[in-house]
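User: I would like to go through this structure with you. Could you start with one of the helices?

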Amino acid sequence: MDRLGSFSSDPSDKPPCRGCSSYLMEPYIKCAECGPPPFFLCLQCFTRGFEYKKHQSDHTYEIMTSDFPVLDPSWTAQEEMALLEAVMDCGFGNWQDVANQMCTKTKEECEKHYMKHFINNPLFASTLLNLKQAEEAKTADTAIPFHSADDPPRPTFDSLLSRDMAGYMPARADFIEEFDNYAEWDLRDIDFVEDDSDILHALKMAVVDIYHSRLKERQRRKKIIRDHGLINLRKFQLEFELRREIKRLQEYRTAGITNFCSARTYDHLKKTREEERLKRTMLSEVLQYIQDSSACQQWLRRQADIDSGLTPSIPMASNSGRRSAPPLNLTGLPGTEKLNEKEKELCQMVRLVPGAYLEYKSALLNECNKQGGLRLAQARALIKIDVNKTRKIYDFLIREGYITKA
């Protein structure tokens, strides 16, 4: 039977009993033969001889409790943990709040015990000092040197290259804006005077120690940048170019290309397909949001002729005497594959892109289902396009049986 420390003073932080699944209250039982994971039982289940899978009631066991002294005969291990948790929650020096959270000790007892065993204890002090010295030896506060071969360029202040290098100043091994750039602000109002109390002096020293730890973190990040060559933009750009070329070669390999001649042909065809796709996308987006698709297409053709240096072959139609436009070419337009042959013919004659037609059709079907029928005036109120086009769409949906007249 052993007396071992508990997990926490809060019962909900302990693992549940494997027998009744209740929260464990000290003392409780741990099987010495089962696990991992550890097999815990409350006293009630243990006395009943609870067995589960490989666990047998005759296994050796340990009694888990923290009801024993550690540093002081009048303080149990449970109270020691509760004191440390209370100081962490309430802050050093707030002894009345610490005592209120502990409930078992007074303000004076908490302060006296903490100062004696955790502040002025020579064993703890020497251990902490050794740890601190070992940590300082690992991360010495020295500037990061750059060897002559690895010295990055030294651009002028606020130049493009300087911004690319994140404001690094090689001569000083510093950045214009450091990590945790405002760490020094916490020290600006600290002033050490002779009449400071011991506690106030200790608090000021703690702030200085915190500042030192932030400087070490800043130095650690600089070391990572230096060791991995992240400050040298030329090396970084070279790595980026290599990764891009490797990705391109992998694409060639996937496409079955084995020589550079085929690769050039592949790139040319890929560029052509991409340009055609962009043209179709741009055209469909323009036509989708412009009511008069005929005028839009004439304008696009006219602009294409002007961009090519040719005399525009298609005059801009005026409001009077407009000639009928040819049927709309649906090749490559989004949504075409969702239309049947009659719907495609309608979109060509009305010069309506498939995506817009499908949207109008869905709106009219929903409204017809709600009202039990649909009138032409209601359709025109729903679809804000040319009234003649609305009439053709309405008549088509009536004729094909998609909607019914009200």
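Analyst: In α7, K204, V208, Y211, R218, Q219 and K222 are buried, where buried means under 20% relative accessible area, exposed over 50% and partly exposed in between (1.4 Å probe, protein chains only). Helices (H or I, at least four residues) and strands (E, at least two) are DSSP runs, numbered from the N terminus. This is a predicted model, in which local features need pLDDT of at least 70, side-chain atom pairs count only at pLDDT 80 or more, and totals for chains, interfaces and linings use all residues. Residues are numbered from 1 along each chain as its sequence is written, and side-chain values use heavy atoms, with hydrogens and water left out.

User: What do the buried residues of α7 pack against?

Analyst: They pack against β6 (174-175); contact means heavy atoms within 4.5 Å.

User: And how many residues does α7 have?

Analyst: Helix α7 covers residues 198-227, which is 30 residues. From first C-alpha to last it reaches 43 Å, close to the 44 Å expected at 1.5 Å a residue; the expected span is 1.5 Å times one less than the number of residues.

User: Which residue pairs with R218 in a salt bridge?

Analyst: The partner of R218 is E184, at 3.3 Å, N to O. E184 sits in the loop between β6 and α7, and R218 in helix α7, 34 residues apart. A salt bridge is a side-chain nitrogen of Lys or Arg within 4 Å of a carboxyl oxygen of Asp or Glu.

User: Are those two side chains buried or exposed?

Analyst: R218 counts as buried at 10% relative accessibility, whereas E184 is partly exposed at 30%.

User: Lastly, how many helices and strands does the protein have?

Analyst: The protein has 14 helices and six strands. Of its 406 residues, 27% are buried.
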